[in-house]
Amino acid sequence: MRILIVDDDYVTRAKLKAILSDHGDCDAAPNGELALSMLEDALNDAHPYDLVTMDVDMPGMSGEEVVREIRRREWNWAKRMSRPVVEAKVLMVTVRRDSQTVIASFRRGCEGYLAKPVTPEKLRAALAKLECEEPVSEA
Amino acid sequence: MKTSSNSLIHDDAATTISDEGASTPHSAPQSPENDRAAADTQTAPMDFDRAVDEFLGKGALVESLLDRLLEEVETQIGALQTALMNDDWETLRREAHKTRGGAANLTAAPLACAAEQIELSAEFGHRISAEEGLNWFEQEFERLKQFAAARHTKRTEA
């Protein structure tokens, strides 16, 4: 499984990587703009990301804007290549817990929502809900 | 295949939605006070063992992240003070938000709670609450610094 971690906070990036590296190959981006570029490269290399963890409150593009843009680019890529749409599963990982943010995130195209602080148990539960793969070591 | 959105919201987030959804604009931020009461009962500014567990045993990584957090918060306090002095609520909110998630993920709960108070106060433009939050934040930063220094001393002696 290929995983892209998007968060402007280095502690969160490090923690997610520590936990998720058992589930697949992890890349990380500190902002939405870089994440989109990495996602586009992965699509063009025909090796797309399976899971994206996305912070909401970041400088520049917000997580919600990035998710909407991810979906747009996935659809454009499929149309351009005449292939089926390949959608990465997006898990929002944020300190924001207000209903407005949660609803907006799902409307923009995320599939899961996890409130910080991240713990291995919470993350594993969220991955199970997303039907993501079992840890590599247990496969 | 996409599943219904509601079933995928993690319980921890879902249970808090109704509480926060009830708050109205311009009302005083409530949750940090409750968090503060909880945080004050803790003796340590950070649960280091739990952090190591949550980072799946990577103790050296936790140590280095703690050092980096302390360095960054040291400079950040000046930025928070300046923003508050200038009624620059957006900078105040953004700076506090930067530390909130990182501190929480490092199990430095009291510092995270203080950052949350500043962030929410800035969002609603509450000066008194923001000042209190900043004082609390500075105290928790000092406690965390002492905690880290004590750990370093202990490691050197061992």
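Two strands are taken to pair if DSSP finds at least two bridges between them. In this predicted model, strand S3 (residues 51-54) and strand S4 (residues 89-94) of chain A pair in the parallel sense, over four bridges. The strands belong to an open sheet of five in chain A, and chain A in turn touches chain B through a contact that takes 30 residues from chain A and 27 residues from chain B.

**The sheet of chain A**

- The strand order is S2-S1-S3-S4-S5 (chain A), and the pairing is parallel.
- Strand S2 (25-29) and strand S5 (112-115) of chain A form the edges, each pairing on one side only.
- On average, neighbouring strands of this sheet are turned by 20 degrees against each other, direction ignored.
- Where S3(A) and S4(A) pair, Val52(A) stands opposite Val90(A) in S4(A).

**Helix packing on the sheet**

- Helix H5 (residues 120-129) of chain A packs on the sheet, where it touches S4 and S5 of chain A.

- On chain B, helix H1 (11-21), helix H4 (59-85) and helix H5 (89-105) each supply at least two residues of the side that touches chain A.
- H5(B) gives the largest share of that side, with seven residues.
- By residue class, the side of chain B that touches chain A comprises eleven nonpolar, eight polar and eight charged residues.

Key: Residues numbered from 1 in each chain as written. Chains lettered and ligands numbered in written order. Predicted model: local features only at pLDDT ≥ 70, side-chain atom pairs only at ≥ 80, totals over all residues. Contact = placed C-beta atoms within 7 Å. Nonpolar A, V, L, I, M, F, W, Y, C, P; charged D, E, K, R; others polar. Axes fitted to C-alpha atoms, helices over the stretch in contact; angles between N-to-C directions.
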